[in-house]
Amino acid sequence: VFSSISVQPTFAATEEYTLTVINHINDKILITLTEMDSDDPDEFQFAVSRYSEVEKEFPKNTYIYEYEACGKIVTGELSLKKDRKLEILPCGVVPTKMRFNSHFADKITVTMYGPLEFQDPGEEEFVVELGGNQIPDILSGHYIMSYEAACSTVGTDPATLFSEEIRVLKSGK
């Protein structure tokens with residue numbers, strides 16, 4: 001009696017993860033990814049148009065990325081062990097932190113619209129109390145800042161609306 005056993009090759013499943021690149025500048029960006037953990041590294045290149053977003057699937061690995069933006073070559077290491085996002089910020093805009101110092105006895109809500117360097121700026125609100133108020137996660141750049149505060153000693157007077165353009169420096173000042 002002969003029996004036939006069908007043997008099918010088994011291939012190791014290659015895990016892939018999505019890399020989302022968001023380009024916030026007015027130039028097309030060409031990104032190069034080079035595998036780090038390989039004797040014969042693969043290299044991937046793809047373009048991201050100005051003010052657009054691209055999603056690409058890549059095998060699980062650690063990569064060196066490189067692109068040119070704002071007249072500078074930017075390089076770094078990217079570990080794709082899960083889906084990741086890479087944002088290319090407008091020229092001169094960097095993540096920073098800042099501090100609001102309030103001299104008002106009452107809490108006020110400060111609205112920040114910006115950074116104005118973005119094609120489509122966002123809006124955030126911060127509740128600010130008397131004294132120093134840390135804002136641990138903000139981008140540098142120009143903003144339109146507004147808030148209402150009661151400036152009169154008579155409690156029945158309406159609050160005054162203040163609005164101005166401010167610049168948050170890379171240092172957070």
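These legends accompany close-up views of a predicted model.

**Figure 1. Overview of the 13 strands of the predicted protein.**
The secondary structure consists of 13 strands and zero helices. Read from the N terminus, the order of elements is β-β-β-β-β-β-β-β-β-β-β-β-β. The protein has 173 residues, and 34% of them count as buried. Of the contacts between residues at least 6 apart in sequence, 60% join residues at least 24 apart. The protein exposes about 11800 Å², and carbon and sulfur atoms account for 47% of that area.

**Figure 2. The largest nonpolar core, with 19 residues.**
Leu19, Val21, Ile31, Leu33, Phe46, Tyr67 and Ile88 have the most contacts inside this core. Two or more residues come from each of the strands E1 (16–23), E2 (29–35), E3 (43–48), E4 (53–59), E5 (61–69), E6 (72–80) and E7 (84–88). E5 gives the most, with four residues.

**Figure 3. Surroundings of Phe46, one of the residues with the most contacts inside the largest nonpolar core.**
Residues up to four places away in sequence are left out of the list of neighbours. Phe46 then touches Leu19, Val21, Ile29, Leu30, Ile31 and Leu33, among others. It also touches Val54, Lys56 and Phe58. Another core, of 15 residues, lies apart from the largest one. Its members include Phe100, Ile108, Phe126 and Ile135.

**Figure 4. Aromatic residues Phe44, Phe46, Phe58 and Tyr63, which form one cluster.**
The whole structure contains eight aromatic pairs. One of them is formed by Phe44 and Phe58, in an edge-to-face arrangement. The ring centres are 5.2 Å apart and the planes are at 70° to each other. The pair links distant parts of the chain, with Phe44 in strand E3 and Phe58 in strand E4, 14 residues apart. Phe44 has a relative accessible area of 23% and is therefore partly exposed. Phe58 has a relative accessible area of 4%, so it counts as buried.

**Figure 5. The aromatic pair Phe100 and Phe126.**
This pair is tilted, with 6.0 Å from centre to centre and 50° between the planes. Phe100 is in strand E8 (residues 95–102) and Phe126 in strand E10, 26 residues apart, and the pair links distant parts of the chain. Both Phe100 and Phe126 are buried.

**Figure 6. Thr20 and the residues it touches.**
Thr20 is part of strand E1. Its relative accessible area is 10%, so it counts as buried. Leaving out residues up to four places away in sequence, Thr20 touches Glu53, Val54 and Glu55, as well as Arg84, Lys85 and Leu86.

**Figure 7. The loop between strands E9 (108–114) and E10 (122–128), with Leu116.**
The peptide bond from Gly114 to Pro115 is cis, and its omega is near -5°. Pro115 is placed in the loop between E9 and E10. Leu116 is in the loop between these two strands as well. Leu116 has 32% relative accessibility, so it counts as partly exposed. Together with Tyr113 and Ile144, Leu116 forms a nonpolar patch on the surface. The accessible area of the three residues together is about 220 Å².

**Figure 8. Tyr51, a residue other than glycine with a positive phi.**
The phi of Tyr51 is about 50°. Tyr51 is located in the loop between E3 and E4. Its relative accessible area is 31%, so Tyr51 is partly exposed.

**Figure 9. Cys70, a residue other than glycine with a positive phi.**
For Cys70, phi is near 55°. Cys70 is located in the loop between E5 and E6. With a relative accessible area of 34%, Cys70 counts as partly exposed.

Technical notes: Residues are numbered from 1 along each chain as its sequence is written. This is a predicted model: local features need pLDDT of at least 70, side-chain atom pairs count only at pLDDT 80 or more; totals for chains, interfaces and linings use all residues. Side-chain values use heavy atoms; hydrogens and water are left out. A nonpolar core is a set of buried Ala, Val, Leu, Ile, Met, Phe, Trp, Tyr and Cys residues joined through side-chain atoms within 4.5 Å. Buried means under 20% relative accessible area, exposed over 50%, partly exposed in between (1.4 Å probe, protein chains only). Contact means heavy atoms within 4.5 Å. Patches are made of residues with over 30% relative accessible area and no salt bridge: like charges are joined within 9 Å, nonpolar side chains (Val, Leu, Ile, Met, Phe, Trp, Tyr) within 5 Å. Accessible areas come from the Shrake-Rupley method with a 1.4 Å probe; for residues, only the protein chains shown count as cover. A salt bridge is a side-chain nitrogen of Lys or Arg within 4 Å of a carboxyl oxygen of Asp or Glu. Rings of Phe, Tyr and Trp (its six-membered ring) pair if their centres lie within 6.5 Å; planes under 30 degrees apart count as stacked, over 60 as edge-to-face and the rest as tilted.
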